[in-house]
Amino acid sequence: MRIILLFLCCFINASWAEDYSPWLKEFRPSSLSQQQQIEELAWFKQAAKPFQGITIRAISERINTHLYEATVIAPLFYQLTGIKVIHELSSEDDVVKKLQSQMDLGINYYDIYVSDSDLIGGHFRSNKVLSLSEFMREQGKQVTLPSLDVNDFIGLAFTTSPYNEILQLPDQQFANLYWYRQDWFARPELQQQFKAIYGYPLEVPVNWSAYEDIAEFFSKHVKQIDGHKVYGHMDYGKRDPSLGWRISDAWLSMAGMGDVGLPNGLPVDEWGIRRHGCRPVGASVKRGGALDSPAAIYAIQKYVDWLVRYAPPEAQKMTFSEAGAEIAKGHIAQQIFWYTAFTADLSHPDLSITDDNGKPLWRVAPSPRGAYWQPGMKSGYQDVGAWTLLKSTPLKRQQAAWLYAQFNVAKTVSLRKTMVGLTPIRESDIMSPEFTQRSEELGGLVEFYQSNARNEWTPTGLNVPNYPALSALWWQYIGRASDQKEDVSKIMQELAKSMDAALAKIGHETRGACSPKLISSQDEALWLAHPGSPKPKLENEKPPGKTLAYSELIKQWQP
């Protein structure tokens with residue numbers, strides 16, 4: 001009898017595996033065993049029965065991770081559940097506009113969005129975004145995966161309101177890190193030449209002074225490598241919404257403009273906004289903010305100077321997506337601000353920036369910091385794209401969309417998706433043997449995400465009460481700076497004034513407990529003499545350059 005039962009058990013398990021073979025074949029590796037994957041897949045199949053034949057619409061920005069979701073995961077989800085998904089890919093700016101339009105008008109254009117957690121400050125104040133914590137407890141309880149394991153998500157703190165309610169479920173993450181050509185830095189003749197000119201080693205820059213020296217070195221002294229024109233810096237400057245992200249994604253914080261404190265400076269954050277409690281009270285120095293402070297002006301002046309002096313001339317007219325593909329051409333020595341979302345694109349063995357074995361000739365490292373930066377401040381920006389449901393979406397569509405969102409991040413799927421898009425979201429995936437084994441081919445990405453340093457790279461926080469309204473100001477004003485036709489300090493004063501006005505308008509329209517309410521204007525000297533941010537102008541904004549060997553610098557990322 002025991003032999004018969006064992007045979008039946010094995011037969012049933014083999015039948016299940018055969019029934020789910022398309023999914024088991026695609027979603028490997030996984031942090032789950034095959035039996036655990038089968039159990040998750042069976043749960044989705046059962047939970048989706050009330051939604052057979054429904055079509056839901058999702059939208060996300062156009063990156064490799066979401067392309068995999070739209071072209072591979074969505075069709076497999078449909079085969080498993082009978083829920084058809086139209087997963088649209090668009091620009092980040094378009095996604096934000098459509099999300100905001102649905103929030104403003106209450107018309108259900110899409111059933112679910114992958115929205116950056118940068119919008120969390122507006123989400124919790126608007127009362128129009130569904131609390132996923134409440135949804136999982138109540139109307140979404142029957143369609144919430146028992147093995148979802150929310151505590152396994154590394155970015156959950158960035159998608160949680162001040163009231164400890166999860167408003168968004170992380171779907172992908174990537175950081176901006178320092179990128180450089182390790183093979184060029186290792187050339188003895190270049191090391192000798194750099195040391196002779198600047199008096200210290202050609203290694204990974206720790207501060208902006210060293211970054212600037214290295215940019216000058218490759219652009220003005222080296223000029224050519226292996227017969228090809230090279231540049232010491234890469235950036236972009238076209239007046240476009242993506243120029244706003246370039247600066248609001250922690251550039252001012254990397255310079256040292258804000259206060260210490262994680263995930264965002266307190267009481268002044270990386271946007272230069274001061275808050276009292278949860279209430280934003282101003283961005284200009286006159287109101288205790290720092291958007292037109294000496295540190296902010298220093299940050300933007302460096303951005304403009306480096307773009308003009310050390311980047312390819314065409315970079316001044318490029319957007320985010322255009323500039324992102326530039327370093328794959330093999331003529332850029334370093335980039336201070338490089339999104340790791342492009343890691344997969346730079347890992348192809350046929351590129352000039354990989355060796356004969358397909359291993360990268362480049363590395364990523366901790367970003368150098370500006371003259372005003374202090375220990376305890378955030379070190380850079382990390383994007384967290386997260387599944388977001390709106391209250392305006394009908395319940396049945398919310399539930400069906402929630403099943404799709406969970407399927408994309410379930411442990412059955414998430415490690416495979418991480419290996420494709422290289423935008424990890426789960427601790428279990430990051431620490432898996434499969435991800436660890438890719439260390440040599442990913443140039444430091446594995447080391448970054450396996451360390452506690454990833455907590456120092458954070459998204460826009462709760463201080464920003466309406467991301468779409470306020471982010472539009474950035475590129476309009478910074479675009480004027482990148483055109484090099486106006487004084488940077490004047491532009492930043494106007495930007496700060498406009499930010500104050502926008503905060504006041506938002507406060508007037510919302511009037512909640514955490515709504516903006518400007519404090520009275522005071523003499524700038526009083527705030528600059530006050531401890532913390534805004535900070536008075538340094539006598540020397542270019543201290544001696546400092547570099548470290550990559551092997552030493554990477555130790556900063558050790559657990």
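This briefing walks through a few features of the structure above, topic by topic. The model is predicted, so keep in mind that local features need pLDDT of at least 70 and side-chain atom pairs count only at pLDDT 80 or more, while totals for chains, interfaces and linings use all residues. Residues are numbered from 1 along each chain as its sequence is written, and side-chain values use heavy atoms, with hydrogens and water left out. Helices (H or I, at least four residues) and strands (E, at least two) are DSSP runs, numbered from the N terminus.

**The nonpolar cores**

- A nonpolar core is a set of buried Ala, Val, Leu, Ile, Met, Phe, Trp, Tyr and Cys residues joined through side-chain atoms within 4.5 Å.
- Buried stands for under 20% relative accessible area, exposed for over 50%, and partly exposed for anything in between (1.4 Å probe, protein chains only).
- The largest nonpolar core has 125 residues, of which Phe218, Trp251, Leu252, Ile300 and Met499 touch the most other members.
- Helix H13 (residues 294-310) gives the most to this core, with 10 residues.
- Leaving aside neighbours within four places in sequence, Ile300 is in contact (heavy atoms within 4.5 Å) with Ile247, Trp251, Leu252, Ile478, Ala481, Val488 and Met492.
- Another core lies apart from the largest one and has 49 residues, including Ala47, Ala74, Phe77 and Ala405.

- Ser293 sits in the loop between strand E9 (279-282) and H13.
- Ser293 counts as buried because its relative accessibility is 0%.
- Not counting residues up to four places away in sequence, Ser293 touches Met257, Val285 and Pro534.

**The disulfide**

- Searching the whole structure turns up 1 disulfide, a term for a pair of cysteine sulfur atoms within 2.5 Å.
- The partners are Cys278 and Cys514, with their sulfur atoms 2.0 Å apart.
- This disulfide is left-handed, because the torsion about the S-S bond of Cys278 and Cys514 is about -90°.
- The pair links distant parts of the chain, 236 residues apart: Cys278 is in the loop between strand E8 (274-276) and E9, and Cys514 is in the loop between helix H21 (488-510) and helix H22 (524-528).
- Cys278 is partly exposed, at 26% relative accessible area, whereas Cys514 is buried, at 6% relative accessibility.

**A covered helix**

- Helix H16 (residues 411-421) is mostly covered, with 9 of its 11 residues buried.
- Among the buried residues of H16 are Lys411, Val413, Leu415, Lys417 and Met419.
- The buried residues of H16 pack against helix H3 (34-47), helix H4 (64-81), strand E4 (169-181), helix H15 (395-409), helix H17 (427-430) and helix H18 (433-436).

- Tyr109 is in the loop between helix H5 (92-105) and strand E3 (112-116), and Tyr109 counts as partly exposed at 34% relative accessibility.
- Gly376 has its place in the loop between strand E11 (362-365) and strand E12 (382-388).
- At 44% relative accessibility, Gly376 is partly exposed.
- Gly376 touches Val260, Gly261 and Leu262, not counting residues up to four places away in sequence.
- From C-alpha to C-alpha, Gly376 and Arg279 are 23 Å apart in space, and they are 97 residues apart in sequence.
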